[in-house]
Structures are given as structure tokens and as C-alpha cells.
Protein chains: 2
Amino acid sequence: MLENVKLEEAQELILDFIKPLPAESVPLLEALGRIICRDTFAAYDLPVCEQSAVDGFAVSASEKEKVHSYIVREFLKPGEMPVSSLNPGQAARVVTGGPAPVGTIAVVPYEITRLAGNQLHFTGDPVPGENIKPRGEDFRKGDLLARQGTVINPGLIGALAAFGKSEVAVYRRPKVAVLGMGQEIIPCQSMPLPGQIRDSNGPILAALAQRDGSQVTGIELVGDGDLTQIKAQLEKLLRQADIVLTTGGTASGECDQALRAVRQTGAKLLFWGVKIKPGSHSGAAVYDDKLIISLSGNPAACAAGYHLLAAPVLRLLQGLSPYPEYVTAVCTSSFLKKGGPRRFIQANLEINKEGLKVTIMPGQKSSMLRGLLNNGNALIDLPAGHPPLDAGAEVSVIILNAVR
Amino acid sequence: MLENVKLEEAQELILDFIKPLPAESVPLLEALGRIICRDTFAAYDLPVCEQSAVDGFAVSASEKEKVHSYIVREFLKPGEMPVSSLNPGQAARVVTGGPAPVGTIAVVPYEITRLAGNQLHFTGDPVPGENIKPRGEDFRKGDLLARQGTVINPGLIGALAAFGKSEVAVYRRPKVAVLGMGQEIIPCQSMPLPGQIRDSNGPILAALAQRDGSQVTGIELVGDGDLTQIKAQLEKLLRQADIVLTTGGTASGECDQALRAVRQTGAKLLFWGVKIKPGSHSGAAVYDDKLIISLSGNPAACAAGYHLLAAPVLRLLQGLSPYPEYVTAVCTSSFLKKGGPRRFIQANLEINKEGLKVTIMPGQKSSMLRGLLNNGNALIDLPAGHPPLDAGAEVSVIILNAVR
């Protein structure tokens with residue numbers, strides 16, 4: 001087993017094992033935020049025929065004169081097809097999006113016309129082609145609507161609807177289960193006895209996985225179960241999920257409950273320990289075709305481990321690029337600690353008039369929840385052995401929550 | 001009734017009528033993305049007592065010497081409380097997050113210790129307070145966890161869990177129904193006859209409302225129903241929803257089906273027509289305590305009208321600031337049209353190394369879907385009578401999808 005690996009090595013060891021989940025078909029109206037699993041093209045021209053772009057009168061060719069007079073042959077309502085074509089001096093009432101009769105040279109907007117019986121009057125010259133939407137103006141047959149791996153947004157839903165797709169093939173959602181270790185950890189709704197701590201990592205990991213497009217199949221705690229019970233619990237969760245996140249129990253020394261439990265299942269360990277802070281107590285193992293990622297029990301370390309090791313897996317399982325998205329931003333606050341391993345600082349990235357600024361969240365100890373409280377949408381990535389960070393410095397920042 | 005009002009006037013007329021929806025209690029694990037409806041504070045200090053920050057040995061005061069030797073009085077496991085306090089020269093095995101015995105002056109990390117029987121050895125001087133988390137280090141009783149109107153993120157879910165909250169009071173989701181007008185419009189799963197068009201606006205509006213935190217209660221089309229049937233349909237949707245979005249049927253002249261249908265219900269019209277492009281065919285009316293917003297049938301105009309008139313309502317209903325969030329960005333493309341009313345251009349806002357750049361989507365005609373296809377996450381706001389837009393110019397941009 002590899003110990004205390006570099007972050008990139010840890011990510012590669014895990015991702016080498018992952019491939020996108022199989023496709024499933026979902027109703028179009030439930031596809032928002034899902035990831036489309038094949039390149040999708042326009043099946044035909046849209047509009048399918050020449051249409052009027054406005055409410056008005058389709059007119060035929062006529063002699064040039066300043067006041068135009070036409071005979072209106074028919075008054076088309078929405079959904080109606082023209083019965084006859086237009087000869088010079090003839091017109092037809094048409095509606096936005098409605099078909100224009102054969103022989104139409106332009107559509108004159110309703111607002112600038114005057115009708116007396118079936119005599120149409122207006123001023124000015126209709127420019128040939130004006131207010132006519134050519135066939136295929138919006139999409140030509142074969143045009144790309146979406147590349148495989150596109151997150152489905154409302155506009156794409158509209159385009160798929162326009163082509164009659166009431167179902168879409170998307171990558172299945174990853175199924176994620178969470179197992180909280182440590183016999184002092186109790187469910188958040190229970191009343192702690194002295195020495196007991198309410199579980200916050202289970203809810204945090206469940207919410208993060210959910211936000212990143214996963215379905216959470218279970219959140220359990222090992223409580224004071226013995227190793228055999230924990231092994232059974234882990235195996236049960238592995239049967240129900242694609243990936244099990246364990247949190248806590250990754251102590252130094254003889255108490256590494258997580259490592260012992262993972263070993264008990266017979267899972268193949270990929271690595272244990274990563275050269276990052278917080279989150280050094282992270283590990284991963286493979287069990288059949290499932291993945292176990294073990295994260296620290298300290299909330300901030302648990303969240304950092306999730307973003308750096310688990311989120312890439314959830315992205316790749318859904319057909320997205322696994323690696324985190326980096327930007328450069330100006331850090332508005334200073335950070336006095338220096339040296340040590342590569343450090344990730346929970347921060348809030350904001351767009352303002354001057355560009356991108358990133359603010360360090362108060363409460364950066366790995367045992368603290370406070371740093372995760374606000375809109376912690378970014379991690380500042382400081383290299384190993386970094387000097388203290390001065391306010392105003394440019395930093396490299398990972399944007400979290402890249403799925404949406 | 002006011003006609004062709006300014007955008008700000010239209011927004012005010014609608015928003016004056018809106019107040020946040022009542023609270024509802026949801027399970028903590030279903031609260032992600034919802035908006036908390038009251039200021040929430042820490043109910044007690046967290047941690048509740050002094051804790052060890054590491055796995056190691058709690059040690060008492062001792063004489064200064066380079067090699068320390070202590071007698072270990074007890075070996076505490078996770079969840080165990082100390083039985084005895086420490087006298088000088090005494091130590092106790094403690095775990096991360098576990099309570100430290102009375103008399104502890106520091107915790108020495110496990111990694112740098114050596115144990116022989118119950119004799120503990122290590123090198124160096126323990127600094128008083130080192131590796132001890134003071135009571136209330138993370139939160140002091142009364143600390144603010146979240147202001148009313150905060151979008152609930154995974155970190156806040158963790159903090160609420162840590163304080164034993166298994167339910168959260170959030171604003172109820174807005175209920176939104178969509179009614180597609182125009183007798184030529186057929187459900188997207190149907191096969192169009194000549195002159196018929198598949199509905200794309202219903203799916204687009206449903207997806208936008210869903211993304212903005214709403215629950216969609218119905219998507220219907222009026223088909224070839226007469227005015228009495230349409231009125232009945234509109235009234236049915238109004239009974240099930242807080243807000244009904246109609247789309248289409250807002251033609252110029254005698255065909256304004258939307259206006260006639262809204263009038264038929266007896267709803268009080270707030271305005272009809274807005275001085276914007278696209279989306280000028282937008283209107284709003286009040287029916288009892290419900291709102292009707294009528295949007296254009298052209299897809300891009302429908303979406304723009306949604307973002308400018310409906311999305312603010314959905315935000316305010318959920319206790320958020322209703323107005324769109326503006327940033328300044330550099331436009332990478334040019335836009336040749338000039339003059340006319342205030343114009344909103346569907347665009348994609350991206351963060352890159354140099355800052356914010358915004359790219360105009362291809363296909364900006366209001367009848368086109370193409371402009372909505374990609375990650376159209378922004379609208380460029382050009383003032384009335386604007387000159388042509390040159391690539392490289394700074395523009396004012398509305399960020400869409402501000403709820404998450």
C-alpha cells in the first residue's frame with residue numbers, strides 16, 4: 001500500500017479505476033442539471049418551412065409606389081395553413097411563427113397597416129425577405145445541439161422539446177453512501193452524553209454529494225459496533241452504492257478504525273494518507289467494482305478531502321471532466337501560517353467590478369465547522385512550503401461545485 | 001391599464017404585490033438550496049468542553065527537562081470520559097475531539113511519543129495549551145450561524161446538524177404553473193401537422209422556474225380551446241399555483257389571446273407591454289392573491305421576459321433580494337444592431353485569468369432557440385438607443401440563476 005502520496009498521485013490512483021456510469025433515459029422535464037451522454041444533433045430543419053416573423057400581412061410583389069394597396073385573400077389564424085398562393089397585388093393575414101403563402105415576398109407588420117374590408121393599405125416599400133424566417137433559420141438538419149458531457153440547462157431542454165424529444169439519455173446519477181466512524185459520534189438528532197459528539201460530517205458529505213449530482217443511498221454511523229459489525233455495515237453500504245465515503249476513525253496510531261475496517265472487507269487499498277493539509281488522513285480502496293474513500297473526521301479536513309478526492313470521482317462518473325477548475329484571484333485577507341505541506345484554504349470567491357476576489361473564511365482549523373458555514377465556494381491552493389500569504393496577493397483558486 | 005411601461009416600473013408593479021411565502025419545516029437533509037427563514041444562532045458553546053485537537057497524550061505540568069517521562073493513568077478511547085484528573089507527572093491517552101482530563105496542560109501528539117508499559121516518553125517541551133481546543137472555539141453560544149434569507153449550503157447543514165437541528169424552517173417553494181397559448185402549439189411529444197409547432201417554451205419555463213427553486217405544478221397548452229375553455233384552464237392553474245406564467249398568444253392586434261384570456265378571468269391588469277427587446281410583449285395581472293405573468297411566445301423573448309419579470313418574483317417569494325445581480329464584463333464579440341429600445345442579449349459569462357468575459361450567443365433573434373442552447377448564464381443589458389457594440393467593450397451584465 002502506498003502511504004502519504006502526493007495529491008495528484010492520489011487522484012490518479014482513484015480515477016484510473018473510474019469510468020462514466022451507464023446511460024439511463026429520463027423524462028425531458030426531469031433532465032435539468034443531468035449530463036447528456038451522447039452528441040445530439042438537429043433531426044431536421046427548424047423552422048420546417050418559411051414562416052412569418054411577426055403578426056402582419058404577407059404581401060406579394062407589386063409595382064413600386066409609396067402607398068401600397070393589396071387585396072387580402074385570406075386571414076390565417078394560428079395553426080392554419082394557407083389555402084392559396086399570392087399573385088401580385090395580393091396579401092394574406094399571417095401570425096408570428098405561422099407559414100407564409102407561396103408567393104410572399106415580405107411580411108408587413110400589423111402595426112403599420114390599415115384595413116378597409118379586404119383592402120390593405122400601408123406606407124413604405126416592403127423589402128424582399130423582410131420579416132420572413134427562412135426554413136432552417138434556427139437549426140439546420142445535423143446541427144449540433146449538445147456535445148456528450150454537457151450539463152442540461154433550460155435552453156437545451158427547450159431545443160430538445162422543439163425536436164420532439166420527451167426523453168433524454170443521461171449518465172446515471174452516482175449512488176453515494178456515507179459511513180461515519182468513531183464510537184463517540186451520535187446521530188445529529190440525538191442528545192449527546194458527556195464525551196459524545198453529534199455527527200455533522202454525514203450531513204455535510206450527503207449535501208455535497210447531492211449538490212454534485214449524486215443520489216445519497218445511506219448515511220450511517222458505526223457507533224460502538226465492533227470490527228465485525230463495522231465490516232458488515234460497510235459491505236451493506238457498498239452493495240447499495242457506487243462509492244462509500246467513510247469519515248472519521250482515521251486516527252494516528254493504534255486507533256485507525258477506518259483502515260482496519262476497510263482491510264477487513266478485503267478491499268484493495270490504493271493509498272493511505274495524502275500530503276495535503278487539511279485532509280492528510282485520507283485514503284482509498286477498491287472493493288469489487290466499488291470505491292471506498294476514507295476522509296478525516298475533522299469537518300474542514302473532511303470537506304477538503306471530499307472536494308479533492310471524492311468530487312472528481314463523482315464528476316467522472318457523470319461523464320464530466322474530473323479535475324477541479326482553477327482560476328486566479330486576488331486574496332482580500334492575509335494568512336499568517338507558512339511552510340508545511342500543500343495547503344487548501346476554504347474561501348469565498350466573488351465576482352466584483354474589479355474582477356475576482358477571494359476571501360478566506362474565518363475558522364480555518366481542520367476541527368472547525370465555521371470555515372464551511374458561509375458560501376464557501378472555493379479552495380485556495382497554496383504550494384508546500386509556502387510563505388505567509390499577504391492580503392492583495394494573487395492566489396490559485398479551485399472553484400467548487402463545478403457540476404452546475 | 002398601463003401600457004408599454006419601463007422595465008423598472010413593470011418590476012415594481014409586480015413586486016409591490018409580492019411578499020415572501022410562509023415558512024415550512026423540512027428535514028435537514030432535504031434543506032440544501034432552500035432559503036432559511038429566520039436568523040439562526042449557536043444554542044451553546046461548541047465544543048461543549050475542552051477537547052484534544054490530536055490523537056496523543058494529555059500531560060500535566062512537570063519540571064522542565066528535555067526528555068519527559070510520565071505515568072499514563074488511563075487510556076481513553078473515542079466516546080470515553082476521563083475518570084481521574086492529572087497530577088504533575090501524570091498523563092492520559094486521548095483521542096482527537098475527545099475530552100482532556102482536568103489538569104491537562106497540553107496534548108502531545110501520538111507520533112512523537114514512545115510508550116513502555118504505562119511509562120510515556122517524548123522529547124521537547126509541551127507548550128501550555130498546545131493541541132487543546134478550548135470550549136467554544138468553533139462557536140460561542142449566541143454566534144450567528146445564518147441570517148434569514150441565506151441559501152442553505154452543505155457547511156450550514158453541517159453546523160445545524162452539530163447543534164442537533166434535524167429540521168430547518170425555510171420559505172415554502174413557490175408553486176409555478178405554465179400555460180402555453182396559441183392554437184398552433186402542440187405538446188412536444190406530439191407529431192406536428194403542417195402549420196403546427198411543438199411547445200418548447202413550456203419546458204424552458206418549467207426548467208427555469210425549477211432551477212430558481214420553484215415547484216412546477218402544471219404545464220398546459222390551450223390548444224384550440226375557445227375563450228371560455230382557456231379562462232377555465234387559467235383559473236384551474238391559478239388555484240394550484242402562486243404564479244401562472246402564460247407564454248404566447250401575445251400577438252399585436254386582434255389576436256391578443258393572452259390579454260383577452262386574462263381579462264376574462266377578471267384579474268386586475270398591472271401593465272401590458274414593456275419597453276425592452278426582446279420581451280416587449282410581456283404583461284402582468286393579479287388574480288386574488290395570485291399573479292399572472294404573460295410572456296411572449298418567441299423563445300428568446302419568453303426567456304428574457306422570465307429572467308426580467310418572473311425570476312425576481314420567485315426570488316422575493318423565497319425571501320431573497322429580488323433584483324438581478326449585475327457585474328461589469330468585457331464583451332468578446334461585437335453586436336452590430338443599434339438604437340431602439342433597451343436590449344437584453346443572451347450571453348455566456350466566464351471567469352478567466354484576466355477576469356470576467358462575456359460572449360454573445362449565436363442566434364439572437366427572439367424567435368430563435370439557438371441563443372439559449374449553451375450555458376446562457378447572463379444577459380447583457382444595453383440602454384435604449386445604444387450604439388453598435390464593439391468587441392472588447394465593457395458591458396453591464398445580469399448574472400442569471402442567482403438562487404444557487
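This report walks through the chain contact, the domains, a hairpin and the nonpolar core of a predicted model.

Because the model is predicted, local features need pLDDT of at least 70 and side-chain atom pairs count only at pLDDT 80 or more, while totals for chains, interfaces and linings use all residues. Residues are numbered from 1 along each chain as its sequence is written, and chains are lettered from A and ligands numbered from 1 in the order in which they are written.

Let's start where the two chains meet. Chain A puts 72 residues into the contact and chain B puts in 74 residues; two residues are in contact if their C-beta atoms, placed from the backbone, lie within 7 Å. On the chain A side, the elements that each supply at least two residues include strand 23 (325-331) and strand 25 (355-360) of chain A. Helix 2 of chain A has the largest share, 8 residues. Helices (H or I, at least four residues) and strands (E, at least two) are DSSP runs, numbered from the N terminus.

Now the domains of chain A, whose bounds come from an automatic or database domain assignment. Domain 1 covers 2-21 + 173-317, domain 2 covers 31-43 + 141-171, domain 3 covers 51-133 and domain 4 covers 326-399. The C-alpha centres of domains 1 and 4 of chain A lie 25 Å apart. Between them, 16 residues of domain 1 are in contact with 14 residues of domain 4. Helix 6 of chain A gives the most to the domain 1 side, with 7 residues.

Here is how two of these sides divide by class. Ala, Val, Leu, Ile, Met, Phe, Trp, Tyr, Cys and Pro count as nonpolar, Asp, Glu, Lys and Arg as charged, and the others, Gly among them, as polar.

| Side | Residues by class |
|---|---|
| Chain A, touching chain B | 35 nonpolar, 25 polar, 12 charged residues |
| Domain 1 of chain A, touching domain 4 of chain A | 9 nonpolar, 5 polar, 2 charged residues |

Over in chain B, strands 9 and 10 form a hairpin with 2 residues between them, and B:G117 in the turn has a positive phi of about 65°. The two strands pair in the antiparallel sense over 4 bridges; pairing takes at least two DSSP bridges. B:H121 is the bridge partner of B:R114.

Finally, the largest nonpolar core has 212 residues, and A:I380 and B:I380 touch the most other members. Such a core is a set of buried Ala, Val, Leu, Ile, Met, Phe, Trp, Tyr and Cys residues joined through C-beta atoms within 7 Å, where buried means 20 or more other C-beta atoms within 10 Å of the residue's own, also placed from the backbone. Not counting residues up to four places away in sequence, A:I380 touches A:C331, A:F344 and A:V397, among others.

Methods
Buried ≥ 20, exposed ≤ 12 C-beta atoms within 10 Å, placed from the backbone.
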